[in-house]
Amino acid sequence: MGEISDEKTTAAMDELQRTEEYHLNGADPQVKNMYSAIKTAMLEYKPRLRVNPQKYYISLVDKKSFAYIYVWRKKLIIIVMLKEDVARNSIKHYQVSSQSESVKKFYGGECVKISITDDKNIDEVINALKL
């Protein structure tokens, strides 16, 4: 019986960790500000947007997830559901990486990875998320 209780406790702790605060804990203030700027702009653009913290990332959901935000200490990594050519035309000041077919399959379609290390051109990312 003790094992079942331990499993429930572990599951409950996993649920508690699925918050924005959990993901932002330990991140540099600049990273927190970048995340806040993106979140605020997207909620203004689409008030019905849902911010959906998961175990390893925070997803932005409209009808389905269109962005997956990974918070690192010094940067944000965003997987955006965009074709690579569209993303590269929109994002000029941050690294845009193509993804393998298995990664695209995992996320459910065409996607790219954007590495955001500063907020100098954060509007590029926000505009790309609106596409």
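Strands β2 and β3 run antiparallel and are joined by four bridges; strands here are DSSP runs of E of at least two residues, helices are runs of H or I of at least four, both numbered from the N terminus, and two strands pair if DSSP finds at least two bridges between them. The model is a predicted one, in which local features need pLDDT of at least 70 and side-chain atom pairs count only at pLDDT 80 or more, whereas totals for chains, interfaces and linings use all residues. Residues are numbered from 1 along each chain as its sequence is written, and side-chain values use heavy atoms, with hydrogens and water left out.

Within β2, which spans residues 58-61, lies Ser59, and its bridge partner in β3 is Tyr68. Ser59 has a relative accessible area of 2% and is therefore buried, a term that denotes under 20% relative accessible area, with exposed meaning over 50% and partly exposed in between (1.4 Å probe, protein chains only). Apart from residues up to four places away in sequence, Ser59 touches Arg50, Val51, Asn52, Ser65, Ala67 and Tyr68, where contact means heavy atoms within 4.5 Å.

The pairing continues from β3 to β4, which also run antiparallel, with five bridges between them. Here Ala67 has Val80 as its bridge partner in β4, and four residues lie between the two strands of this hairpin. Strand β3 is mostly covered, since six of its seven residues are buried.

Attention now turns to helix α6, residues 122-129. Six of its eight residues are buried, so α6 is largely enclosed by the rest of the structure. The buried residues are Ile122, Glu124, Val125, Ile126, Ala128 and Leu129. Their cover includes the strands β2, β3 (65-71), β4 (76-80) and β6 (112-116), together with the helices α3 (29-45) and α4 (84-90).

Leaving aside neighbours within four places in sequence, Lys83 is in contact with Glu110 and Val112. Although Lys83 and Val112 are 29 residues apart in sequence, their C-alpha atoms are 7.1 Å apart in space.
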